[in-house]
Amino acid sequence: MDMVAAVLKVGYVLVFFIAVFLSLKFEFGSESKDERGKTISNMSYRYAFPLLPLGWLALELYGRYINAISYETYKTAIWFLLTFIIIIQAGIVTGARKKY
């Protein structure tokens, strides 16, 4: 079971780094400079980054009213929240590039 967890963690980190690469490649490339690229960029930010306060609120409400969360668990949850938002943003950029 520990091996499966380790493989899943490494896989998640690899997906995160691929998402960061795709997002940065789009943002610093020539494609994001035109009107289409700005529309794609704004759309990805519009859908992905409001998840940060919503996720943080859910984590705070859970920790405060349902079950106490240790500091290590809180740090891990925030890490997953931030990395998941970046993965979602890169996925939206990739999907929108193909759609538009």
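**Helix packing around H4**

Modeller: Helix H1 (residues 2–28) packs against helix H4 (residues 71–99) at an angle of about 50°, their axes being 8 Å apart. This is a predicted model, in which local features need pLDDT of at least 70, side-chain atom pairs count only at pLDDT 80 or more, and totals for chains, interfaces and linings use all residues. Residues are numbered from 1 along each chain as its sequence is written, and side-chain values use heavy atoms, leaving out hydrogens and water.

Colleague: What is the angle between H1 and H4 called?

Modeller: Angles under 35 degrees count as roughly parallel, over 145 as roughly antiparallel, 65 to 115 as roughly perpendicular and the rest as oblique. H1 is therefore oblique to H4. H1 passes H4 in a left-handed crossing (the near helix is turned anticlockwise from the far one by less than a right angle; clockwise would be right-handed).

Colleague: Which residues make the contact?

Modeller: Contact means heavy atoms within 4.5 Å. H1 contributes residues including Tyr12, Phe16, Ala19 and Glu27, and H4 contributes residues including Trp79, Thr83, Gln89 and Arg97. The contact residues of H1 and H4 comprise 15 nonpolar, four polar and two charged.

Colleague: What does the side chain of Thr83 join in a polar contact?

Modeller: A polar contact is a pair of N or O atoms within 3.5 Å; within protein, one must be able to donate a hydrogen and the other to accept it, and residues adjacent in sequence count only if both atoms are side-chain atoms. The side chains of Thr83 and Tyr12 are joined by such a contact of 2.7 Å. A polar atom of the Thr83 side chain also lies 3.2 Å from the backbone oxygen of Phe80.

Colleague: How do H3 and H4 cross?

Modeller: The axes of helix H3 (residues 51–66) and H4 come within 10 Å and cross at roughly 155°, which means that H3 is roughly antiparallel to H4. This crossing of H3 and H4 is right-handed. Among the residues in contact are Leu51, Gly55 and Trp56 of H3, with Tyr74, Ala77 and Ile88 of H4.

Colleague: Where is Tyr45 placed?

Modeller: Tyr45 belongs to helix H2 (residues 35–48), and at 32% relative accessibility Tyr45 counts as partly exposed. The C-alpha atoms of Tyr45 and Gln89 are separated by 6.6 Å, though the two residues are 44 residues apart along the chain.

Key: Axes are lines fitted to C-alpha atoms, for helices over the stretch in contact, and angles run from 0 to 180 degrees between N-to-C directions. Helices (H or I, at least four residues) and strands (E, at least two) are DSSP runs, numbered from the N terminus. Ala, Val, Leu, Ile, Met, Phe, Trp, Tyr, Cys and Pro count as nonpolar, Asp, Glu, Lys and Arg as charged, and the others, Gly among them, as polar. Buried means under 20% relative accessible area, exposed over 50%, partly exposed in between (1.4 Å probe, protein chains only).
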